[in-house]
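Visitor: Could you walk me through this fold, starting with its pockets and then moving on to its strands?
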Amino acid sequence: MSRSGQSHILAIGGGSFRPSSRQNVVEASALLRYGLDLTGQDRPKLGLVATAVGDSSDWLLKMYGAFAQWDVEVSHLTVFPMPNVADPRAWMLEQDMIYVSGGSVANLMALWRLHGYDEAFEEAWRAGVVLSGQSAGALCWHVGGNTDSFGPDLRVWSEGLGLLPYSCGVHYDAEAQRRPLLQASVASGELPSGYAADEGVALHYVGTEFIQAVSAVPGAAAYRVEGDGDGGVKEFRIEPRLLTP
């Protein structure tokens, strides 16, 4: 493998960016600094992917602005109205870290599979590119979780890439439907056991092994959610390492 010599995924429950005092501007949080540090590069190449929000130019511009003062080389990949680079696979392999925004994970995966990005992302991951993302951009690397892709009432979704053989819970402390639905779907076996993250918390995997949780918010946590083998579920709180701002 290149770069760090390991395959990293940083799955963020929420809080990748925070509002700025400047209008229509966001700031990147310590969670993204942590992800960039995993690359081992002094000036990492950061690729932005906003498929889950229809390649929103407004959101892409906000993300570019969030890294304007950081020592990173930023580029992006789109699918609308057509891919913006000649060879998306080569673009992925050139990055040190790829960040995938939140939005509709169901639409994201449908488009990735249509364009062959699913196989290209797996190749990049195995080559040592750090894969990261929030909400939809966290769920996509797992087997599945729950999503509002189909409407305000959450649905169980299990069409993820499955690079990580777990379920994933996002916005775990911020949206009332999230925790009970994930627990119920793990208890029933509809989803495998897995991990969940509060707002401001990220799940760090090396290969397919969960290593630790990190947090930009004091008091926030991660969780291990697993079936008890008898139609029930057990949830264990994981105390994250608190990052400096």
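Guide: Gladly! A pocket here is an open set of grid points with protein on both sides within 12 Å along at least five of seven lines, and a lining residue has an atom within 4 Å of a point. Please keep in mind that this is a predicted model.

Visitor: Which residues lie nearest the centre of the largest pocket?
Guide: The largest pocket holds about 190 Å³ of space. Its lining splits into eight nonpolar, four polar and two charged residues. Of the 14 lining residues, those nearest the centre are Arg18, Ser29, Ala30, Ala216 and Pro245.

Visitor: Why is one side of S10 and of S15 left without a neighbour in the sheet?
Guide: The open sheet has four strands in the order S10-S11-S14-S15, with mixed pairing. Strand S10 (167–169) and strand S15 (233–238) are at its edges, so each has a single partner strand.

Visitor: What is the bridge partner of Ser167 in S11?
Guide: S10 and strand S11 (residues 194–197) run parallel and are joined by three bridges. In S11, Ser167 is partnered by Gly194.

Visitor: At what angle does helix H7 run to S14?
Guide: Helix H7 (residues 178–188) lies across S10, S11, strand S14 (222–227) and S15. Its angle to S14 is about 35 degrees.

Visitor: Which residue in S5 does Leu48 stand opposite?
Guide: Strand S4 (residues 45–49) pairs with strand S5 (residues 73–77) in the parallel sense, over five bridges. Together with helix H2 (residues 57–66), S4 and S5 make a right-handed β-α-β unit. The residue opposite Leu48 is His76.

Conventions. Residues are numbered from 1 along each chain as its sequence is written. This is a predicted model: local features need pLDDT of at least 70, side-chain atom pairs count only at pLDDT 80 or more; totals for chains, interfaces and linings use all residues. Side-chain values use heavy atoms; hydrogens and water are left out. On a 1 Å grid over the protein atoms alone, a cavity is a set of points where a 1.4 Å probe fits but cannot get out, and a pocket is an open set with protein on both sides within 12 Å along at least five of seven lines; lining residues have an atom within 4 Å of a point. Grid points are joined across faces, edges and corners, and a volume is the space filled by probe spheres set on the points. Ala, Val, Leu, Ile, Met, Phe, Trp, Tyr, Cys and Pro count as nonpolar, Asp, Glu, Lys and Arg as charged, and the others, Gly among them, as polar. Two strands pair if DSSP finds at least two bridges between them. Helices (H or I, at least four residues) and strands (E, at least two) are DSSP runs, numbered from the N terminus. Contact means heavy atoms within 4.5 Å. Axes are lines fitted to C-alpha atoms, for helices over the stretch in contact, and angles run from 0 to 180 degrees between N-to-C directions. A crossover is right-handed if, with the strands pointing away from the viewer, the path from the first strand over the helix to the second runs clockwise.
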